[in-house]
Amino acid sequence: MNAPVAPGAVTRAEVEDFLYQEADLLDRWKLDDWLALLTDEASYYVPPNDKPDGDHRYTLFTVADDIVRLRERIIRLKDPNCHAEFPPSRTRRMISNVRITGMDGELILVEANFAIFRHRRNEPVREFVGRYRHKLKRTDDGLKIHERRAILDAEELGPMGSVSFLL
Amino acid sequence: MTAPHNGNGRLVVEDNENLSFSVNRKVFVSDDVLEAEHRKIFDHCWIYVGHASELKQPNDFRTRNVAGRPVIFCRDRQGAVRALINSCRHRGALVCREREGNARQFYCIYHGWSYNTDGSLKGIPGDDAYPPGFDKQSKGLVPVPRLEHYKDFYFASFDKNAPDLATYLAGAKDYIDLVVDQSPSGRMEIISGVQEYDIKANWKLLVENSVDDYHLVTTHSTWLNYMRNSGVNITPAKGHMLPTKGFGKDLGNGHLTTDNPNYRGRPVAKWISVYGEEAKADIDAIRKELVERLGEARAARVADTNRNLCIFPNLVINDGSSVTVRNFFPVAPGHMKVVAWALGPVEETEAQRARRLHAFLTFYGPGGFATPDDVAALELAQQGFAAYREVPWSDLSRGMGSSQEQLATDEGHLRVFWRKWSELVEARP
């Protein structure tokens with residue numbers, strides 16, 4: 001399925017700029033702006049810690065959103081009654097080790113590492129560390145996220161508790 | 001005054017004359033209380049270990065924490081289900097470190113003692129140095145004192161004199177049956193993928209929260225919005241807080257459940273718009289099979305009610321938007337670990353399984369639309385308990401004195417838990 005990247009199709013610098021931009025939008029809770037960086041068929045997955053390579057159709061994930069539910073998730077996250085995220089957590093995302101690993105048809109396959117620090121009042125800092133597997137799509141409006149898979153390294157969510165904000 | 005100034009030293013105070021029911025918040029913060037719970041509850045009750053479907057083949061194993069003990073839940077070479085204490089008979093190290101797998105033996109990395117999957121000792125390196133009379137036969141892994149199952153749900157008791165499991169489960173059996181009846185062959189399975197997360201709150205708060213329908217409208221308004229946005233009717237029933245009027249029930253022996261007419265959809269078998277139009281015919285077919293097998297009345301009982309079941313002390317089976325099996329245990333007064341699975345009929349097609357898992361994640365779990373807000377509520381309660389000396393009593397009197405059957409939005413079923421808790425922790429010598 002994975003084909004090599006055609007010369008000149010996309011550069012790592014371009015992908016890095018894109019990933020830094022969307023991470024910045026999430027850290028600033030510009031969720032509608034972030035949503036605009038997704039395709040209309042986008043999906044977002046957080047696999048369970050014990051089955052990081054699982055398939056959400058047969059495996060219970062932590063998050064497995066199609067675009068419909070992802071839009072609803074963002075409605076929820078903006079609602080003051082989203083108690084787990086009100087007031088919104090302060091997050092800081094470090095994105096690194098960005099690699100373009102191939103193509104799947106017109107989709108650009110990108111892997112990257114992340115470390116997200118989440119701060120809330122009266123709570124210890126919670127660290128979410130793992131890797132992204134993205135499928136990006138080049139559109140007239142620039143790169144967009146077609147699929148986002150945030151794979152956590154930890155053996156269990158444990159002290160991370162909930163995944164109530166977007167990874 | 002609805003709460004007593006002092007409970008004469010008691011932690012759970014029920015006053016049926018003045019219609020008050022109070023729980024002293026010390027039960028959520030005290031190390032002494034937690035120690036008493038370990039000794040008087042977890043050392044005596046039947047504690048959930050796992051489901052038979054998790055051990056499909058001989059020599060399959062899963063490692064678990066059961067009542068604070070490291071346990072290997074496994075199927076031995078002959079196919080018998082076992083629960084063995086995961087501690088080397090020599091000097092104590094865990095003999096199985098993996099979460100799950102298939103192994104012909106358990107092996108201690110410290111000095112190399114090895115055990116068969118039925119627990120018997122297999123080998124000791126350099127065993128010629130042991131004194132005469134050293135009995136290798138008696139040096140197998142120690143099984144939990146009691147291991148029994150009800151319809152593939154395995155429980156252990158560390159009290160060898162415990163009543164049998166079926167007696168212990170009392171009325172909870174009927175509600176397990178309602179779950180199991182969803183499978184044409186009566187076989188349910190734990191679906192791959194586990195959710196393991198911590199809550200910085202006392203474990204008993206999750207018992208309450210799992211069956212408390214009073215909190216739904218306030219804690220989960222964003223989930224209700226999502227349902228409404230998806231075309232589900234969430235208008236409260238006349239004179240009621242929720243779309244349907246449900247009940248809270250005492251199942252005996254400290255077990256309790258909610259029992260609610262469904263409005264939120266059920267993979268078996270009640271279609272809602274969230275599933276999509278294309279799922280309608282499939283849900284109809286599942287329903288038809290239910291009716292043919294169980295009859296109209298029983299099929300409706302299975303398919304049209306949601307039930308959040310709590311098996312005392314720490315197992316919850318929520319049969320609602322999907323089925324979740326949720327086990328939790330204390331690591332400190334203000335800290336619990338939760339382990340949650342999805343359960344489904346073994347016969348499900350790919351599409352049905354995918355729908356079940358999708359429905360699960362709309363509500364349940366650390367990434368769901370509801371559970372994170374439950375966690376937030378429980379952690380806020382725990383933070384409030386820091387002032388337990390100044391504000392010592394929690395109120396659980398809702399619904400007391402009502403001449404009607406207790407509603408799921410009342411607290412009658414929560415009082416069932418607390419009475420049992422009090423009986424074991426406060427009354428036992």
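This is a predicted model: local features need pLDDT of at least 70, side-chain atom pairs count only at pLDDT 80 or more; totals for chains, interfaces and linings use all residues.
Two residues are in contact if their C-beta atoms, placed from the backbone, lie within 7 Å.

Figure 1. Among contacts in chain B with a separation of 6 or more, 61% join residues 24 or more positions apart. The chain has 429 residues, and 47% of them count as buried. Its secondary structure comes to 12 helices and 21 strands. A compact globule with 429 residues would have a radius of gyration near 22 Å, and the 23 Å of chain B agrees with that.

**Figure 2. Helices α8 and α9 of chain B, packed against each other.** Here α8(B) covers residues 280–294 and α9(B) covers residues 296–303. Their axes sit 7 Å apart, at an angle of about 130°. Angles over 145 degrees would count as roughly antiparallel and 65 to 115 as roughly perpendicular, so α8(B) and α9(B) end up oblique to each other. The crossing of α8(B) past α9(B) is right-handed. On the α8(B) side, the residues to look for are B:Arg287, B:Leu290, B:Val291 and B:Leu294. They meet B:Glu296, B:Arg298, B:Ala299, B:Val302 and B:Ala303 from α9(B). Sorted by type, the residues of this contact give 6 nonpolar, 3 charged and no polar.

**Figure 3. The side of chain B that touches chain A.** Chain B puts 35 residues into this contact, and chain A puts in 32. Which elements of chain B give two or more residues to this side? They are strands β14 (195–199) and β20 (335–345), plus helices α7 (221–229), α10 (350–363) and α11 (371–384). The largest share, 7 residues, comes from α11(B). By type, the chain B side divides into 17 nonpolar, 12 polar and 6 charged residues.

**Figure 4. A closer look at B:Asp159 and its surroundings.** You'll find B:Asp159 in the loop that runs between β12 (153–157) and α3 (165–169) of chain B. Is B:Asp159 buried, exposed or partly exposed? It has 13 C-beta neighbours inside 10 Å, so it counts as partly exposed; the exposed class takes 12 or fewer, and buried needs 20 or more. Leaving aside residues up to four places away in sequence, B:Asp159 touches B:Asp43, B:His44 and B:Pro145. As for B:Gly119, 40 residues away along the chain, its C-alpha atom and that of B:Asp159 are separated by 20 Å.

Methods:
Residues are numbered from 1 along each chain as its sequence is written. Chains are lettered from A and ligands numbered from 1 in the order in which they are written. Axes are lines fitted to C-alpha atoms, for helices over the stretch in contact, and angles run from 0 to 180 degrees between N-to-C directions. Helices (H or I, at least four residues) and strands (E, at least two) are DSSP runs, numbered from the N terminus. Angles under 35 degrees count as roughly parallel, over 145 as roughly antiparallel, 65 to 115 as roughly perpendicular and the rest as oblique. A crossing is left-handed if the near helix is turned anticlockwise from the far one by less than a right angle, and right-handed if clockwise. Ala, Val, Leu, Ile, Met, Phe, Trp, Tyr, Cys and Pro count as nonpolar, Asp, Glu, Lys and Arg as charged, and the others, Gly among them, as polar. The radius of gyration is taken over C-alpha atoms; the globule rule is 2.2 Å times the number of residues to the power 0.38.
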